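I am opening a notebook on a structure that is new to me. I want to look up its parts one after another and keep what I find in whole sentences.

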Amino acid sequence: MKRRIFTVVTCLAMALMLVLAFASCDAKSGNGFAEDYESAPSIKDDSYLDVDLGGNGIENDSEYERKIIKTANISAQATDFEEAVKMIEQLCIDLGGYVESSSVSGKSLTNKGTYRYANYTLRIPAQSFDGFSKGIDGIVNVTSSSSSSDEVTSTYYDIKSRIEVLEMQKESLQKLYDEYTEYGDINYLLELQDKLYEVIAEIEAYETQIRLYDSKVAYSTIHLNISEVKEYTEEDEETFGEALLGALTGGWDFFLTICQGILIVFVACLPFTVFCGVVAAVIVIICVSSAKKKRKKKLEAQQDQNKQ
């Protein structure tokens with residue numbers, strides 16, 4: 001009897017040990033993700049991707065290739081309008097550039113219409129910028145011109161640095177996403193995915209800016225306005241007498257313009273003024289007639305009292 005009890009107790013002890021052993025194995029294998037997930041960094045807390053996007057400016061531009069955007073505005077005259085337009089377009093092509101936009105308005109002088117005007121936006125390789133300015137002098141009569149240079153070296157390489165930092169963030173996020181995909185926690189994976197897409201969108205926006213800068217730096221922009229004339233006009237220096245006469249003429253013209261304006265306003269308001277005058281006259285007549293009747297009645301009443 002004692003042996004049976006001992007055997008039963010021994011079996012129960014062994015069974016208990018087996019159950020505990022299986023439970024321990026299950027905790028180490030099945031619940032591993034819970035422990036890993038609890039130690040996983042929060043997506044809302046970017047400390048694991050703590051990279052300062054600011055303060056990446058270029059302190060010394062001389063260490064980098066300079067990025068300069070050149071722009072010019074030119075106004076010119078042409079006696080042979082059609083030939084001038086053709087030659088300018090050909091000059092642009094010969095220099096390796098292209099016409100970004102163009103427009104022509106007006107009619108030819110031979111049709112006795114208004115003079116023609118042409119507006120061009122030309123893109124010329126930066127190294128040919130000065131060559132175009134010199135070449136156009138032999139085609140048209142340049143009446144005014146201005147140019148400007150905008151250096152974007154610091155901004156350009158600052159954006160480059162930001163892209164590099166964001167690429168590092170992208171790799172870190174992608175690595176985290178790949179590591180936690182196998183555990184299948186949907187909420188955490190969605191947070192990772194949203195953050196990853198946000199970084200990718202920033203990278204694409206900065207790369208678009210870089211491409212725009214590259215285009216503007218490589219090809220200078222020239223805004224050209226051409227007007228058709230019968231002959232070129234030369235501007236002479238104005239003397240004091242001519243300036244005084246011009247001021248007097250301008251003042252007289254201004255006075256006449258004001259008088260004409262007043263006369264036009266008076267004529268425009270004349271019908272309304274006449275109407276108002278007629279209405280006022282009718283009202284005055286009615287008021288005077290009413291006052292006379294009241295006086296007459298009052299006099300008659302006084303006469304009747306005197307008779308009594």
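I began with Glu100, which is partly exposed at a relative accessible area of 43%; here buried means under 20% relative accessible area, exposed over 50%, and partly exposed in between, with a 1.4 Å probe and protein chains only. Before going on I noted that this is a predicted model, in which local features need pLDDT of at least 70 and side-chain atom pairs count only at pLDDT 80 or more, while totals for chains, interfaces and linings use all residues. I also noted that residues are numbered from 1 along each chain as its sequence is written, and that side-chain values use heavy atoms, with hydrogens and water left out.

**Entry: the pair at Glu100**

Which residue forms a salt bridge with Glu100? I found Arg123, with the closest N and O atoms 3.2 Å apart; a salt bridge is a side-chain nitrogen of Lys or Arg within 4 Å of a carboxyl oxygen of Asp or Glu. Glu100 lies in strand E2 and Arg123 in strand E3, so the pair ties together parts that are 23 residues apart in sequence. Helices (H or I, at least four residues) and strands (E, at least two) are DSSP runs, numbered from the N terminus. Arg123 counts as buried, at 6% relative accessibility.

**Entry: other salt bridges**

I then searched the whole structure and noted six salt bridges. In one of them the side chains of Arg66 and Glu151 meet, at 2.8 Å from N to O. This pair links distant parts of the chain, since Arg66 is in the loop between helix H2 (32–39) and E1 while Glu151 is in strand E4, 85 residues apart. Arg66 is exposed, with a relative accessible area of 51%, whereas Glu151 is partly exposed at 37%.

For Arg162 and Asp158 I again wrote down a salt bridge, with 2.8 Å from N to O. Because the two are four residues apart in helix H5 (residues 153–181), about one helical turn separates them. Asp158 is buried, its relative accessible area being 15%. I also noted that Glu82, Arg116 and Glu228 are joined into one network by salt bridges that share partners.

**Entry: the sheet**

In what order do the five strands of the open sheet stand? I read the order as E2-E3-E5-E1-E4, with mixed pairing; two strands pair if DSSP finds at least two bridges between them. Strand E2 (98–105) and strand E4 (141–151) are the edge strands, each pairing on one side only. From one strand to the next the twist averages 10°.

Going through the pairs, I found strand E1 (residues 68–78) antiparallel to E4 over ten bridges, and E1 parallel to E5 over eight bridges.

**Entry: strand E5 and Ser227**

Seven of the ten residues of E5 are buried, so the strand is largely enclosed by the rest of the structure. I looked up Ser227, which is in strand E5 and is buried with a relative accessible area of 16%. Leaving aside neighbours within four places in sequence, Ser227 is in contact, meaning heavy atoms within 4.5 Å, with Ala76, Gln77, Ala78, Arg116 and Tyr117.

**Entry: helix H6**

How far does helix H6 (residues 186–218) reach from its first C-alpha to its last? Its 33 residues reach 47 Å, close to the 48 Å expected, where the expected span is 1.5 Å times one less than the number of residues. Among the residues buried in H6 I listed Tyr188, Leu192, Val199, Tyr206 and Val217.

**Entry: the whole protein**

I counted seven helices and five strands in the protein. Buried residues make up 22% of its 308 residues. Of the contacts with a separation of 6 or more, 83% are between residues 24 or more positions apart.

How values were computed. Axes fitted to C-alpha atoms, helices over the stretch in contact; angles between N-to-C directions.
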